[in-house]
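Have a look at the fold before reading on.

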Amino acid sequence: MIGLVTGSQVAFWLLAPVMILAAIGMVLVRKAVHSALLLATVMVCLAVQYAAQDAPFLFAVQIIVYTGAILMLFLFVLMLVGVDASDSLVETIRGQRLLAGVAFLGFGILLLFAVGNAIYGNPTGLAAAQPDGNPHGIAQLLFGKYVFAFEVTSALLITAAMGAMMLAHRERLSKKRTQRDHAEERIRKYAEQGIHPGPLPTPGVLARHNAVDTPALLPDGSIAPTSVSRVLQARGTVFSEEAERADIEEVRELDQGELYPPEAESTDTTGFGQEEQK
């Protein structure tokens, strides 16, 4: 007889391909923000898998802690580093590739043992392993059998958070610059390098669009590249110069010969109302 298909099996076969594709895309995409969003997809699908396996505590932790907190930490690091920062290919720590290879080999062996234990082992079942429920069973493992590893992990996370704060902190080694100092520097750059001392042009000035991703036009009709944020330029979402040129030519063709409006009919009111007076 063919056994009935359970809800956990349906959730696995529906979400497993999504998780695999999202994990592969997380590694292959070029933009870090897209990689973080794909990681969120994997985390949410894993949370649904926990819920299908009757593990409500793990489901809530996966959504609240990992998808909500850890992923927000990733996005915070991305904003701190910057999306336009180039990756450094210089190996600053000697032997890190060898250590990474050893760690990968160890993880592969651990994965093989886990899969082999799941296939050829003798599972006791969720009801026998957690007779008092999922939260009670998790609490017994975390604060009983694995309490030392749990406390070491929490200390490691706190140390990592403190290290991130120390790396992000910058002490002021020089005197704080005043507005006068900034003005003198702008005038000095204008005299030595020809950099305009005024503010940067606003996006969309003298252009057909006033969006933030549209470069401004200079009085001679050329594109002002400094009018668009470097972040948008790094993301590649800037209104292209070719499209801007096409819009300019279209406007010039439409306005050709129509720069001045046609002369209106005569509005001479001389003698207006004289016939009525007669």
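## Overall layout

Helices (H or I, at least four residues) and strands (E, at least two) are DSSP runs, numbered from the N terminus. On that basis, the chain runs α-α-α-α-α-α-α-α-β-β-α-α-α along its sequence, which comes to 11 helices and 2 strands.

Keep in mind that this is a predicted model: local features need pLDDT of at least 70, side-chain atom pairs count only at pLDDT 80 or more, and totals for chains, interfaces and linings use all residues. Residues are numbered from 1 along each chain as its sequence is written, and side-chain values use heavy atoms, with hydrogens and water left out.

## Burial and surface

Of the chain's 278 residues, 14% count as buried (under 20% relative accessible area; exposed is over 50%, partly exposed in between; 1.4 Å probe, protein chains only). The chain exposes about 23000 Å², with carbon and sulfur atoms supplying 65% of it (Shrake-Rupley method, 1.4 Å probe; for residues, only the protein chains shown count as cover).

## Helix 6

Helix 6 covers residues 134–145, 12 residues in total, and reaches 16 Å from first C-alpha to last, close to the 16 Å expected at 1.5 Å a residue (the expected span is 1.5 Å times one less than the number of residues). Its buried residues are Asn 134, Gly 137 and Ile 138. Seen down the axis of helix 6, they fall within an arc of 100°, so they line one face of the helix (the arc is that of the directions from the helix axis to the C-beta atoms).

## A closer look at Val 48

Val 48 sits in helix 2 and is partly exposed, at 35% relative accessible area.
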